[in-house]
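Here's a quick tour for someone meeting this fold for the first time. Have a look at the sequence and the model, then read on.

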Amino acid sequence: MPDLDMQTPFSQISFPLNPKATPEQTIAAKEMEKILSQFAANWRVSLAALMPSKGIFLSLGKVEVLPFEGFVKLQGDESADYQIFEIEALETLCVWAMDRRIVSMVVDGMFGGHGRWTPRIQTNRPLTPIEERIRLRLWESLANAYEGPWQALLPQRLKVLREEKEVKNLRLTHAHSPVFSAEFSLQLNQHLFRLAF
(Lines give C-alpha, C1' and ligand atoms only; values in the text may rest on other atoms or scores of the structure.)
Protein backbone atom coordinates (compact mmCIF):
# COMPACT_ATOMS: atom_id res chain seq x y z
CA MET A 1 0.00 0.00 0.00
CA PRO A 2 2.24 2.83 -1.20
CA ASP A 3 1.28 6.43 -0.55
CA LEU A 4 0.30 8.14 -3.80
CA ASP A 5 0.98 11.75 -4.69
CA MET A 6 0.70 13.84 -7.85
CA GLN A 7 4.28 13.00 -8.87
CA THR A 8 3.67 9.26 -8.75
CA PRO A 9 2.54 7.99 -12.18
CA PHE A 10 0.19 5.48 -10.57
CA SER A 11 -1.73 8.25 -8.77
CA GLN A 12 -3.98 8.58 -11.80
CA ILE A 13 -4.89 4.90 -11.99
CA SER A 14 -8.57 4.17 -11.72
CA PHE A 15 -9.39 0.96 -9.82
CA PRO A 16 -11.32 -1.10 -10.43
CA LEU A 17 -11.07 -0.58 -14.18
CA ASN A 18 -14.00 1.47 -15.36
CA PRO A 19 -15.29 2.61 -18.76
CA LYS A 20 -14.45 6.27 -18.01
CA ALA A 21 -10.75 5.57 -17.52
CA THR A 22 -8.38 7.18 -20.00
CA PRO A 23 -6.29 4.87 -22.22
CA GLU A 24 -3.23 5.69 -20.11
CA GLN A 25 -5.08 4.82 -16.90
CA THR A 26 -6.33 1.56 -18.39
CA ILE A 27 -2.85 0.54 -19.57
CA ALA A 28 -1.30 1.46 -16.21
CA ALA A 29 -4.02 -0.36 -14.26
CA LYS A 30 -3.69 -3.51 -16.36
CA GLU A 31 0.10 -3.40 -16.01
CA MET A 32 -0.23 -3.05 -12.23
CA GLU A 33 -2.64 -5.99 -12.05
CA LYS A 34 -0.22 -8.03 -14.16
CA ILE A 35 2.67 -7.17 -11.79
CA LEU A 36 0.61 -8.06 -8.72
CA SER A 37 -0.52 -11.35 -10.27
CA GLN A 38 3.12 -12.19 -11.04
CA PHE A 39 4.01 -11.35 -7.42
CA ALA A 40 1.31 -13.80 -6.28
CA ALA A 41 2.77 -16.54 -8.49
CA ASN A 42 6.31 -15.80 -7.26
CA TRP A 43 5.37 -15.81 -3.58
CA ARG A 44 3.41 -19.04 -3.95
CA VAL A 45 6.62 -20.69 -5.23
CA SER A 46 8.57 -19.23 -2.29
CA LEU A 47 5.99 -20.48 0.20
CA ALA A 48 6.09 -23.94 -1.37
CA ALA A 49 9.89 -23.97 -0.90
CA LEU A 50 9.49 -23.03 2.78
CA MET A 51 6.63 -25.40 3.46
CA PRO A 52 6.33 -28.31 1.05
CA SER A 53 2.62 -28.72 0.44
CA LYS A 54 0.27 -29.27 -2.47
CA GLY A 55 -2.32 -27.01 -0.88
CA ILE A 56 -0.86 -23.52 -1.44
CA PHE A 57 -2.85 -21.11 -3.58
CA LEU A 58 -2.45 -17.33 -3.74
CA SER A 59 -4.65 -15.10 -5.86
CA LEU A 60 -5.10 -11.40 -6.42
CA GLY A 61 -8.37 -9.99 -5.15
CA LYS A 62 -9.59 -6.41 -5.01
CA VAL A 63 -7.30 -3.62 -6.25
CA GLU A 64 -8.26 -0.01 -5.57
CA VAL A 65 -7.20 3.51 -4.68
CA LEU A 66 -8.76 4.68 -1.42
CA PRO A 67 -8.04 7.10 1.46
CA PHE A 68 -5.48 5.84 3.98
CA GLU A 69 -8.16 5.78 6.70
CA GLY A 70 -10.21 3.50 4.44
CA PHE A 71 -7.27 1.10 4.16
CA VAL A 72 -6.88 1.10 7.95
CA LYS A 73 -10.60 0.36 8.45
CA LEU A 74 -10.33 -2.66 6.14
CA GLN A 75 -7.61 -4.11 8.42
CA GLY A 76 -9.95 -4.85 11.32
CA ASP A 77 -8.56 -8.34 11.93
CA GLU A 78 -6.67 -8.56 15.23
CA SER A 79 -4.62 -11.51 14.01
CA ALA A 80 -2.70 -9.44 11.43
CA ASP A 81 1.01 -8.70 11.46
CA TYR A 82 2.01 -5.43 9.75
CA GLN A 83 5.39 -4.94 8.13
CA ILE A 84 6.34 -1.47 6.95
CA PHE A 85 8.80 -1.13 4.08
CA GLU A 86 10.41 1.77 2.28
CA ILE A 87 10.16 1.55 -1.52
CA GLU A 88 13.47 3.14 -2.42
CA ALA A 89 12.72 3.78 -6.12
CA LEU A 90 9.55 5.72 -5.27
CA GLU A 91 10.87 7.28 -2.05
CA THR A 92 7.70 6.27 -0.25
CA LEU A 93 6.48 3.77 2.32
CA CYS A 94 4.25 0.74 2.01
CA VAL A 95 2.71 -1.64 4.50
CA TRP A 96 1.82 -5.30 4.12
CA ALA A 97 -0.67 -7.02 6.40
CA MET A 98 -0.29 -10.78 6.87
CA ASP A 99 -2.25 -13.10 9.13
CA ARG A 100 -0.05 -14.16 12.10
CA ARG A 101 -1.40 -17.70 11.96
CA ILE A 102 0.54 -18.27 8.74
CA VAL A 103 3.78 -18.29 10.75
CA SER A 104 2.50 -21.15 12.93
CA MET A 105 1.47 -23.17 9.89
CA VAL A 106 4.83 -22.68 8.16
CA VAL A 107 6.70 -23.62 11.36
CA ASP A 108 4.62 -26.79 11.64
CA GLY A 109 5.27 -27.65 7.99
CA MET A 110 9.01 -26.95 8.18
CA PHE A 111 9.47 -29.22 11.19
CA GLY A 112 7.74 -32.29 9.79
CA GLY A 113 4.10 -31.50 10.47
CA HIS A 114 1.35 -31.20 7.91
CA GLY A 115 1.28 -27.39 8.02
CA ARG A 116 -2.00 -27.25 9.83
CA TRP A 117 -3.48 -24.52 11.92
CA THR A 118 -5.93 -25.17 14.72
CA PRO A 119 -8.03 -22.64 16.64
CA ARG A 120 -6.11 -23.61 19.81
CA ILE A 121 -3.06 -21.70 18.54
CA GLN A 122 -2.90 -18.30 20.21
CA THR A 123 -2.03 -15.50 17.80
CA ASN A 124 -1.43 -12.83 20.43
CA ARG A 125 1.33 -14.60 22.34
CA PRO A 126 4.99 -13.61 21.80
CA LEU A 127 6.76 -15.62 19.12
CA THR A 128 9.54 -18.00 20.05
CA PRO A 129 13.01 -17.22 18.60
CA ILE A 130 12.51 -19.90 15.93
CA GLU A 131 9.07 -18.55 15.01
CA GLU A 132 10.48 -15.02 14.81
CA ARG A 133 13.23 -16.12 12.41
CA ILE A 134 10.70 -17.90 10.22
CA ARG A 135 8.43 -14.85 10.35
CA LEU A 136 11.31 -12.69 9.11
CA ARG A 137 12.04 -15.25 6.41
CA LEU A 138 8.40 -15.07 5.29
CA TRP A 139 8.61 -11.27 5.03
CA GLU A 140 11.90 -11.51 3.15
CA SER A 141 10.43 -14.00 0.67
CA LEU A 142 7.39 -11.74 0.21
CA ALA A 143 9.61 -8.70 -0.49
CA ASN A 144 11.71 -10.64 -2.99
CA ALA A 145 8.59 -11.95 -4.74
CA TYR A 146 7.21 -8.40 -4.99
CA GLU A 147 10.43 -6.88 -6.33
CA GLY A 148 10.86 -9.45 -9.13
CA PRO A 149 8.02 -8.42 -11.49
CA TRP A 150 9.02 -4.75 -11.23
CA GLN A 151 12.55 -5.22 -12.60
CA ALA A 152 11.71 -4.59 -16.26
CA LEU A 153 9.44 -1.59 -15.55
CA LEU A 154 10.84 0.24 -12.52
CA PRO A 155 13.34 -1.70 -10.40
CA GLN A 156 12.31 -1.49 -6.75
CA ARG A 157 13.80 -2.56 -3.45
CA LEU A 158 11.70 -3.02 -0.34
CA LYS A 159 13.74 -1.98 2.68
CA VAL A 160 12.39 -3.18 6.04
CA LEU A 161 11.65 -0.27 8.38
CA ARG A 162 9.56 -1.62 11.24
CA GLU A 163 6.74 -3.92 12.26
CA GLU A 164 3.45 -3.14 13.95
CA LYS A 165 1.21 -5.51 15.84
CA GLU A 166 -1.88 -3.29 15.90
CA VAL A 167 -3.57 -1.46 13.04
CA LYS A 168 -4.14 1.65 15.19
CA ASN A 169 -0.36 2.19 15.24
CA LEU A 170 -0.09 2.48 11.45
CA ARG A 171 0.88 6.08 10.81
CA LEU A 172 2.25 6.33 7.29
CA THR A 173 0.42 9.32 5.85
CA HIS A 174 -2.53 11.63 6.45
CA ALA A 175 -5.91 9.97 6.95
CA HIS A 176 -7.37 11.40 3.72
CA SER A 177 -4.32 10.83 1.50
CA PRO A 178 -5.07 8.49 -1.41
CA VAL A 179 -3.21 5.18 -1.30
CA PHE A 180 -3.03 2.20 -3.62
CA SER A 181 -4.32 -1.01 -2.03
CA ALA A 182 -4.43 -4.64 -3.12
CA GLU A 183 -5.87 -7.69 -1.39
CA PHE A 184 -4.83 -11.29 -1.87
CA SER A 185 -6.40 -14.58 -0.81
CA LEU A 186 -3.97 -17.18 0.46
CA GLN A 187 -5.07 -20.78 0.89
CA LEU A 188 -2.79 -23.04 2.92
CA ASN A 189 -3.98 -26.61 3.33
CA GLN A 190 -7.66 -25.75 3.12
CA HIS A 191 -7.35 -22.70 5.42
CA LEU A 192 -8.10 -19.31 3.85
CA PHE A 193 -6.14 -16.20 4.89
CA ARG A 194 -6.12 -12.61 3.78
CA LEU A 195 -3.04 -10.64 2.75
CA ALA A 196 -3.20 -6.90 2.07
CA PHE A 197 -0.84 -4.31 0.62
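## Helix, sheet and core

Let's start with helix 4, whose buried residues are E131, I134, R135, L138, W139, S141, L142, A143, A145, Y146 and E147. Buried here means under 20% relative accessible area, with exposed over 50% and partly exposed in between (1.4 Å probe, protein chains only). Helices (H or I, at least four residues) and strands (E, at least two) are DSSP runs, numbered from the N terminus.

A word on the source: this is a predicted model, where local features need pLDDT of at least 70, side-chain atom pairs count only at pLDDT 80 or more, and totals for chains, interfaces and linings use all residues. Residues are numbered from 1 along each chain as its sequence is written, and side-chain values use heavy atoms, leaving out hydrogens and water.

Back to helix 4: it covers residues 129–147 and lies across strand 2, strand 3, strand 4 and strand 6. Its direction makes an angle of about 45 degrees with strand 2 (axes are lines fitted to C-alpha atoms, for helices over the stretch in contact, and angles run from 0 to 180 degrees between N-to-C directions).

What order do the 6 strands of the open sheet take? They go 1-5-6-3-2-4, with antiparallel pairing; two strands pair if DSSP finds at least two bridges between them. Strand 1 and strand 4 are at the edges with a single partner strand each, so one side of each has no neighbour in the sheet. From one strand to the next, the twist averages 20 degrees. Strand 3 and strand 6 are joined by 2 bridges, and M98 has L195 of strand 6 as its bridge partner.

Now for the largest nonpolar core, which has 39 residues. Such a core is a set of buried Ala, Val, Leu, Ile, Met, Phe, Trp, Tyr and Cys residues joined through side-chain atoms within 4.5 Å. F39, W43, W96, L138, F184, L186 and L195 touch the most other members. Helix 1 gives the largest share, 8 residues. There's also a second, separate core of 12 residues, including F68, F71, A80 and L172.

F85, in strand 2, counts as buried because its relative accessibility is 1%. Contact means heavy atoms within 4.5 Å, and the table leaves aside neighbours within four places in sequence.

| Residue | Contacts include (within 4.5 Å) |
|---|---|
| L195 | F39, W43, L58, W96, L142 |
| F85 | T92, W96, W139, A143, L158 |

How values were computed: The expected span of a helix is 1.5 Å times one less than its number of residues.
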